[in-house]
Amino acid sequence: MLMDTATVARFEASRNRLAAIAYRLLGSAADAEDTVQDAFLRWQDADREYIEVPEAWLTKVVTNLALDRLRSAKTRRERAVGAWMPEPLLDGDPMLGPADTVEQRESVTLAVLTLMERLSPVERAAYVLREAFAYSHAEIAAILGITESASQQHTHRARRRIAVARNSTDIDPVSARRIVEAFVDAASSGRTERLLALLTDDATGISDGAGLGLGLAETLVRYSTPQRLADAMRAFKPSPAKRKLVGGSPSIHATVVNGCPAMLVTLDDRVVGVTILEIRDDKIAGVRGMTDPDRLARLTEQWQRREHEVPLIESW
């Protein structure tokens, strides 16, 4: 069915909200964009004169398209091998969606996005729609094709399982820079005791590289204790081999990614690495390092559109 300008505009007015829902459900900006595009094609083919509330109709379509992706054999296989991490997004990216409440901010932290992998698709959707977008249980029931009671149960179970991932989300650029600067100073010192002083007693880390010092590997590397994490972070020192690996001498910036302070490693205005610090009780409870270019594609795109603060390190 052909669409006039007003009909296209109505969809575009909902695009950012739909993308934010899809991103929370899928943990991938690329998959979220594909899901929203699929919804646009459904909107194009729909008999729109019978759609009473377009926003509700579009939300239902996007949610169920995202759930179909989560349930697909391909997605389950890719995420089961342990090589999956959520895609990081720079603070202010419209795909992050609303950030007015603690629940909304928590729902896009990488810790919560990772924990949501343990939920069933329906639990995940109920949690996202309720906590991040304030849909009523009646609305969620209509979107997911379940009862209101089931919506309440799914949301309750999801809240209980995700509560363990709660970290500080009241991070602004100033506090982020202070935290990242302390992290970089300690990591650059090569002294494990300085790094341990920044970590909680149960701090852990994960990286898609061979370490948190800009090495590369094909599988995830996990650091299960503060000591192992500190030992890995101590490798954060420049060397000819590492510079050759990234193609030059990168700059180190402090920024906010998915609501957490982050160290951004850039070369020629391209993001080649990011380390996200999860904060609890004013200490670092988790460290997530990423160097995969595909995972950093949208982060680079958003970074290139902005004015940047003075880097912590001009040439590393």
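The expected span of a helix is 1.5 Å times one less than its number of residues, and helices here (H or I, at least four residues) and strands (E, at least two) are DSSP runs, numbered from the N terminus. On that basis the 22 residues of helix H1 (residues 5-26) should span 32 Å, and the end C-alpha atoms of H1 are 30 Å apart, which agrees. Keep in mind that this is a predicted model, where local features need pLDDT of at least 70, side-chain atom pairs count only at pLDDT 80 or more, and totals for chains, interfaces and linings use all residues. Residues are numbered from 1 along each chain as its sequence is written, and side-chain values use heavy atoms, with hydrogens and water left out.

**Helix H1 and Tyr23**

- H1 has a kink of about 45 degrees, centred on Arg15; the bend at a residue is the angle between axes fitted to the seven residues ending there and the seven starting there.
- Among the buried residues of H1 are Thr7, Phe11, Ser14, Leu18 and Tyr23, where buried means under 20% relative accessible area, exposed over 50% and partly exposed in between (1.4 Å probe, protein chains only).
- Tyr23 sits in H1 and counts as buried because its relative accessibility is 0%.
- Setting aside neighbours within four places in sequence, Tyr23 is in contact (heavy atoms within 4.5 Å) with residues including Ser28, Glu87, Leu89, Val108 and Asn258.
- Tyr23 and Gly97 are 74 residues apart in sequence, yet their C-alpha atoms are 9.2 Å apart in space.

**Nonpolar cores**

- A nonpolar core is a set of buried Ala, Val, Leu, Ile, Met, Phe, Trp, Tyr and Cys residues joined through side-chain atoms within 4.5 Å.
- The largest one has 63 residues, and those touching the most other members are Phe11, Tyr23, Met116, Leu144, Val274, Ile276 and Leu299.
- H1 gives this core its largest share, nine residues.
- Apart from it lies another core of 29 residues, with Val184, Leu267, Val272 and Ile284 among them.
- Not counting residues up to four places away in sequence, Leu144 touches Thr63, Leu67, Val122, Ala125 and Ala126.

**The sheet**

- Six strands make an open sheet in the order S2-S1-S6-S5-S4-S3, with mixed pairing; two strands pair if DSSP finds at least two bridges between them.
- Strand S2 (221-223) and strand S3 (251-257) are the edge strands, each pairing on one side only.
- S2 runs antiparallel to strand S1 (residues 199-207), joined by three bridges, and Ile206 has Arg222 in S2 as its bridge partner.
- Helix H12 (residues 226-233) packs on the sheet, touching S1, S2 and strand S6 (283-290).
- Helix H14 (residues 297-304) also packs on the sheet, and touches S3, strand S4 (260-267) and strand S5 (270-280).

- Val256 has Pro261 in S4 as its bridge partner, while Thr266 has Val271 in S5.
- Each hairpin has two residues between its strands: in that of S3 and S4, Asn258 takes a positive phi near 50 degrees, and in that of S4 and S5, Asp268 takes one near 55 degrees.

How values were computed: Axes are lines fitted to C-alpha atoms, for helices over the stretch in contact, and angles run from 0 to 180 degrees between N-to-C directions.
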